[in-house]
Amino acid sequence: MILVLEMRFAAEELADQAQRFAAFTGVTKPQPTDKFFLVMGMTGSGKSTFVARCTGQKVVVGHGLHSCTNSVGVFDFPWNGRRIYLVDTLGFNDTTRPDLEILDILATYLSTSYANGIRIHGFIMLHPISDNRMTGSSLRNIEMMKAMCGLASYHNLAIVTTMWPSTPDHAEKLMLERRYAELLADGRFFGDLVARGAHLFRHNETGRRNAFEEATSARRIVDRLVRQSDIHAPDVLRLQKEIVDEGKTLGETTAGIAVAGELYKARRAHELELRGLQAEMNSQLARVDAAHAAQIRELEADVMMKLKKAEDAKRALRRRMDEMHRDEERAWKQKIRELDEMFSQQLAEKQQELLDMEESLLEIRQDMARRAPNQREPTPRQRELMALQIAEHEEIVTSARAEVSNTQHAYQKFQGQTGNILNGTANGVAAGLTSGIVAGEPPSSLET
Ligand SMILES: Nc1nc2c(ncn2[C@@H]2O[C@H](COP(=O)(O)OP(=O)(O)O)[C@@H](O)[C@H]2O)c(=O)[nH]1
Ligand SMILES: [Mg+2]
């Protein structure tokens, strides 16, 4: 991971990432006309690609400031003199992270952002039309989105279907249209949201993978949302209200209850499984068959471990905003420390390289001046060549000097921004706590 980063290390990009992140978490104050949109949807629905097309920025997962921390990606682009921020979120039903962890991450950032005065102006919910299950992951993502938002009206929501095929045959076309109609009518999917004002878009309906077409399609959706959000003032998300204004633990929030429901079902299933295994152990048959008994014991240990995991998850639901924030802050600090180290090392290397170059330039000059006594006076042609050689070296040294200075500048910018993030997010949460917005007993050990 670090190696990949080292190779592509771009100081400016990291500083920019930190700056955008600081804007989303309210550490730096955005302009009143700036907009923040959340991009949601299941993993693989095309969120990162959408954001990349819209902003023209590389939306890479797996390196940079946002990796290794439990973070969301913040990207931006200018729009008619304003700045539009797109927040690339994590899908529920991710293969590598449990729902609870995803919710925890979103809750941490959304609550900090809200406590610092930032409002979410709109939502872009991506849904892959190619998903033929109509249950499972996509349903779960829609449920979680509703639980988190809990808005009275959805004028600032764009429901965007993605993954339209490029060359569907007649039967496939019919099938997709039928599925589309069902999605929009069924209350478990988008039915209730459409009834409450959500806007519908088919993103990249031609299905062609063409960057320009995709960008045009994505921008069209954002344009509409910007206009909508100018008409309808942003509402506070239910999750933000519950955590910041009402001081609920994650498990007490509507979204937390939805996750807890799943956890409960899983726990129940494990308990039942355990009971079944124990009954089998106690039966006459198992007692005589030692090999079978050992096998059952192994299964039992496995189920017990799963149960313990579910119990741990239950405890995690009891976390309050300050605890969530503390964990996240710890991860950020660690990441920033790593990047800082890498940055200063890179700078030191560049400085050393420059010193070496300057030294060798000096040596060339001295060599030329120090002619051996038996050497003849150089001809005008030789002089000309020497001058050219020196000029060439000087040019290289000058550009190395500029590079060092740029790196230095970027490093300072990076340090300024990351410092802001750590102090600012902590202060934002602390401010929310001290002003009594967050109910419950004040945490004694909040780091600020
Ligand atoms: N066919 C097609 N593929 C897409 C489209 N948008 C994204 N993809 C691909 O779908 C995969 C998942 O996209 P990604 O943006 O990473 O999804 P995320 O997990 O929601 O961020 C990637 O391989 C993309 O190249 C689209 O509109 N059409
Ligand atoms: Mg993604």
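In this predicted model, helix α4, spanning residues 99-115, packs against α10 with the two axes 10 Å apart and at an angle of about 170°. An angle over 145 degrees counts as roughly antiparallel, and α4 is therefore roughly antiparallel to α10. On the α4 side the contact involves Asp-99, Leu-100 and Leu-103, which meet Ala-255, Gly-256, Val-259 and Glu-262 of α10. By residue class, the contact of α4 with α10 consists of four nonpolar residues, one polar residue and two charged residues.

Helix α10, residues 254-282, also meets helix α12, residues 290-316. The axes of α10 and α12 come within 9 Å and cross at roughly 160°. These two helices are therefore roughly antiparallel to each other, and the crossing in which α10 passes α12 is left-handed. Helix α10 contributes Leu-263, Ala-266, Arg-267, His-270, Glu-271, Glu-273, Leu-274, Leu-277, Glu-280 and Met-281 to this contact. The residues met in α12 are Ala-293, Ile-296, Leu-299, Glu-300, Val-303, Met-304, Lys-306, Leu-307, Ala-310, Ala-313 and Lys-314. In the contact of α10 with α12, 13 residues are nonpolar, one is polar and seven are charged.

A further helix pair is formed by α3 and α8, the latter covering residues 211-231. Their axes lie 8 Å apart, and the packing angle is about 90°. Angles of 65 to 115 degrees count as roughly perpendicular, so α3 is roughly perpendicular to α8. Phe-50, Arg-53 and Cys-54 of α3 make the contact with Ala-211, Glu-214, Ala-215, Ala-218, Arg-219 and Val-222 of α8. Six of the residues in the contact of α3 with α8 are nonpolar and three are charged, while none is polar.

The shell around ligand 1 holds 13 residues, and the closest are Gly-46, Lys-47, Ser-48, Thr-49 and Asn-204. The shell around ligand 1 is made up of eleven polar residues, one nonpolar residue and one charged residue.

Confidence in the model was considered last. The protein chain has a mean pLDDT of 82, and 85% of its residues reach 70 or more. Over residues 1-9 the pLDDT stays under 50, and the model has nine contacts beyond four places in sequence for these residues. The pLDDT is also below 50 over residues 61-69, a stretch with 21 contacts in the model beyond near neighbours in sequence.

Definitions and conventions. Residues are numbered from 1 along each chain as its sequence is written. Chains are lettered from A and ligands numbered from 1 in the order in which they are written. This is a predicted model: local features need pLDDT of at least 70, side-chain atom pairs count only at pLDDT 80 or more; totals for chains, interfaces and linings use all residues. pLDDT is the predictor's confidence in each residue, from 0 to 100. Two residues are in contact if their C-beta atoms, placed from the backbone, lie within 7 Å. Axes are lines fitted to C-alpha atoms, for helices over the stretch in contact, and angles run from 0 to 180 degrees between N-to-C directions. Helices (H or I, at least four residues) and strands (E, at least two) are DSSP runs, numbered from the N terminus. Angles under 35 degrees count as roughly parallel, over 145 as roughly antiparallel, 65 to 115 as roughly perpendicular and the rest as oblique. A crossing is left-handed if the near helix is turned anticlockwise from the far one by less than a right angle, and right-handed if clockwise. Ala, Val, Leu, Ile, Met, Phe, Trp, Tyr, Cys and Pro count as nonpolar, Asp, Glu, Lys and Arg as charged, and the others, Gly among them, as polar. A residue is near a molecule or strand if its C-beta atom, placed from the backbone, lies within 6 Å of it.
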